[in-house]
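Q: I am new to this structure and would like a close look at one part, the surroundings of the ligand. Could you walk me through that part and then on to what lies around it?

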Amino acid sequence: MEYMNSYKIGIIGYGHWGKIITNVLVQSGYNNIVVCDPAIKEIEGFGFPIYDDYKQLINCDKIFICTPATTHYEICKFFLNNHIPIFCEKPLAISQSEVIQLYNLAKINNTVLFVDWTFIYNDLVIKIKDYIYWKYKKPPSLIIMNRLNKGPIRDDVSALYDLSSHDISIITFLLNKTPLNIQHKQYNILGGSQNDTCISTLDYDNTQCIITSSWAANSKIRTCYFNCDDETLMWDDYQKILVMKNDTCYSISSPLANSIKTFLKCNTTPIKNQTITMMTMDILNAY
Ligand SMILES: NC(=O)c1ccc[n+]([C@@H]2O[C@H](COP(=O)([O-])OP(=O)(O)OC[C@H]3O[C@@H](n4cnc5c(N)ncnc54)[C@H](O)[C@@H]3O)[C@@H](O)[C@H]2O)c1
């Protein structure tokens, strides 16, 4: 194992994603794990210690925050103030001012604040970027991203923050610039406490982006298109396939495992992914 599996790792939030993160860590050889989730009484198969209050994880070497988005700010603040490196799930926080405060705290305390924009560690997303800039030397003229699911329905953030944030982080990774114009049109189709569907348009100087996301859809659709001069790349993250004019690629690695590995190796760089987080939050917050 090439990374430090003797770390004591704290998982905060053992719901859908916290379980997946824990499995990736265990498969990578990390077994010194403690969990904090007041809703969990036992962890089947592992028997890791469970705590009710995240402050009890103060003696961990690394912390993974996998709780609902609206809890991230307070939990991050506590661990940054205690100089403990954090891997925080997206979105880092809800407002731009919270995000700025957290990065300032990370800087003051010289502590790693890593946000899990999982898709920028996706091998096909990296391939799309490399291929487009190698072959066309310029960004695509049109990007269409679709992220449609049946649930999970969130009650703390909208589909824009929960789902489209992924696509915005991918576009930010691909284009590395700020849009000239941003529009988010949100809908509440299911009648829940948050808007469950969103269509966003991001206008860049040479690229038009359209993002559709919903947890009110009956099917899981993850098909995205990237129009370049004489071809349209089609990436289907559900099928894990990228179709180009003269080639087809399949995903061969786990983006989450790549993201976790990057965080666990990141001891010397105090702040990772800050630009993508800041640019993504700017776009999410543009109304
Ligand atoms: N990167 C990705 O691809 C990806 C995928 C899914 C979810 N996520 C993110 O992961 C986070 C969690 O999503 P989820 O689907 O697992 O949600 P979930 O509702 O299934 O799980 C959240 C868990 O956090 C626990 N919790 C809530 N407040 C807590 C607190 N103060 N201390 C400890 N535990 C607490 C809840 O009891 C619950 O078990 C969200 O930020 C979501 O956006 C990221």
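A: Around the ligand there are 23 residues, and Gly 13, Gly 15, Trp 17, Ala 39 and Glu 89 come nearest; a residue counts as near when its C-beta atom, placed from the backbone, lies within 6 Å of the molecule. Please keep in mind that this is a predicted model, in which local features need pLDDT of at least 70 and side-chain atom pairs count only at pLDDT 80 or more, while totals for chains, interfaces and linings use all residues. Numbering starts from 1 along each chain, as its sequence is written.

By type, the shell around the ligand holds 11 nonpolar, seven polar and five charged residues. Here Ala, Val, Leu, Ile, Met, Phe, Trp, Tyr, Cys and Pro count as nonpolar, Asp, Glu, Lys and Arg as charged, and the others, Gly among them, as polar. Helix H1 (residues 16-27) supplies the largest share of this shell, three residues. Helices (H or I, at least four residues) and strands (E, at least two) are DSSP runs, numbered from the N terminus.

Let us follow H1 to its packing partner. H1 packs against helix H6 (residues 255-265) at an angle of about 70°, and their axes are 10 Å apart; axes are lines fitted to C-alpha atoms, for helices over the stretch in contact, and angles run from 0 to 180 degrees between N-to-C directions. H1 is therefore roughly perpendicular to H6, a label for angles of 65 to 115 degrees, with under 35 roughly parallel, over 145 roughly antiparallel and the rest oblique.

On the H1 side, Ile 20, Ile 21, Val 24 and Leu 25 meet Leu 256, Ala 257 and Ile 260 of H6; contact means C-beta atoms, placed from the backbone, within 7 Å. The residues of this contact divide into seven nonpolar, no polar and no charged.

Stepping back, the domain assignment of the protein chain gives domain 1 (9-116 + 257-271) and domain 2 (123-250), with bounds that come from an automatic or database assignment. The C-alpha centres of domain 1 and domain 2 lie 26 Å apart. Seven residues from domain 1 and five residues from domain 2 make the contact. On the side of domain 1 that touches domain 2, there are four nonpolar residues, two polar and one charged.

Key
Two residues are in contact if their C-beta atoms, placed from the backbone, lie within 7 Å.
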